[in-house]
Amino acid sequence: MWRDRKTGPDRLGVTAPQAEPDPITASADPSGPSAIAGPSVITAASADPTSSVTRTEAADGEATGERTIVRTEGLTKVYGAGDSEVRALDGVDISVSPGEFVTVMGPSGCGKSTLLNMLGGLDTPTSGRVLVDGNDLTTLPDDRLTELRRRRIGFVFQSFNLIPVLDAVENAALPLTLDGADDADERATRWLVRVGLADRLHNRPDELSGGQQQRVAVARALSTDPALVLADEPTGNLDSKSATEIAELLQQVAAEWHRSVLMVTHDPRIASYAQRLILMNDGRVVDDLPLDGSREGPIRAMERAGLL
Ligand code: ADP
């Protein structure tokens with residue numbers, strides 16, 4: 001399982017900081033969250049000609065007039081060989097638009113974590129392609145993949161993955177700090193205020209509730225101005241009320257702050273906060289449907305697909 005395979009801050013793409021100051025991070029969001037609403041979130045990094053990790057519209061939908069932040073094409077992942085072969089993903093084609101909140105559900109072992117790993121550039125497919133923000137992860141050199149993961153993809157985990165000795169600002173600022181941004185604390189603070197933690201800026205994780213810790217993690221995910229937020233069971237360690245608040249916060253991330261959110265959850269109630277549901281079974285997408293906000297929508301879809 002992906003939580004077992006790789007945990008901790010390295011999954012944030014922050015373990016390979018570059019020695020030199022980084023022009024992209026410094027220029028990605030000069031005026032902070034207050035200036036990021038709307039399509040500018042996508043163009044900010046792209047405006048920097050020195051970055052190879054930019055959205056390349058021509059490669060990702062410009063010809064058709066459609067834009068996607070994430071697209072997979074025939075994504076396949078096979079573990080093992082012969083009798084022990086497992087097709088964790090078997091020809092998955094999905095796409096996520098800018099500012100869209102999509103949830104992925106399916107029975108244990110259906111390939112959800114493998115899919116998230118592929119989208120986050122944490123694992124390589126056996127065949128097929130993964131395009132994130134116009135970059136083909138399957139052909140990107142390692143250093144560029146690390147850069148893209150750190151700057152264009154935000155990660156939110158079930159277990160928060162905060163650093164215990166750092167306070168909320170330092171935790172939320174971590175990807176920026178490691179990236180050499182000189183305004184890291186300032187940008188992190190703006191995000192913490194936005195996610196409702198203005199009065200907890202200098203508390204360490206053990207001084208925060210689970211819901212508050214997950215808010216710090218969401219602020220950390222947003223601090224680099226990503227195009228995409230990947231959330232792996234983000235409410236799995238939370239009580240019902242806090243879980244609802246985090247689901248609503250992820251709605252806000254997509255609807256107000258225009259990031260694409262892709263969330264894996266086993267909880268149909270939490271899934272119902274998303275705009276679209278992708279149902280998986282045996283490594284394949286078995287349904288892909290819009291949700292209308294009704295709390296029962298995902299359950300009904302799972303029943304229809306024979307997954308309950
Ligand atoms: P889910 O997240 O939906 O529970 P996973 O993506 O974790 O499913 O797993 C999909 C399938 O791939 C399962 O059969 C699982 O046992 C298998 N699998 C996942 N990771 C590995 C691995 N590293 N080696 C071998 N098999 C794996």
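1. A residue counts as buried if 20 or more other C-beta atoms lie within 10 Å of its own, as exposed if 12 or fewer do, and as partly exposed in between, with C-beta atoms placed from the backbone. Thr139 is exposed because 10 other C-beta atoms lie within 10 Å.

2. This is a predicted model, in which local features need pLDDT of at least 70 and side-chain atom pairs count only at pLDDT 80 or more, while totals for chains, interfaces and linings use all residues. Residues are numbered from 1 along each chain as its sequence is written.

3. Thr139 sits in the loop between β6 (135–136) and α5 (142–152). Helices (H or I, at least four residues) and strands (E, at least two) are DSSP runs, numbered from the N terminus. From C-alpha to C-alpha, Thr139 lies 9.8 Å from Thr124, and the two are 15 residues apart in sequence.

4. Helix α8 (residues 210–222) packs with helix α9 (residues 240–255) at an angle of about 15°, and their axes are 9 Å apart. Axes are lines fitted to C-alpha atoms, for helices over the stretch in contact, and angles run from 0 to 180 degrees between N-to-C directions. The two helices, α8 and α9, are therefore roughly parallel (angles under 35 degrees; over 145 is roughly antiparallel, 65 to 115 roughly perpendicular and the rest oblique).

5. Which residues of α8 meet α9? They are Gly210, Gly211, Gln214, Arg215, Val218 and Leu222, and they meet Ser242, Glu245, Ile246, Leu249 and Val253 in α9. Contact here puts C-beta atoms, placed from the backbone, within 7 Å.

How values were computed
Contact = placed C-beta atoms within 7 Å.
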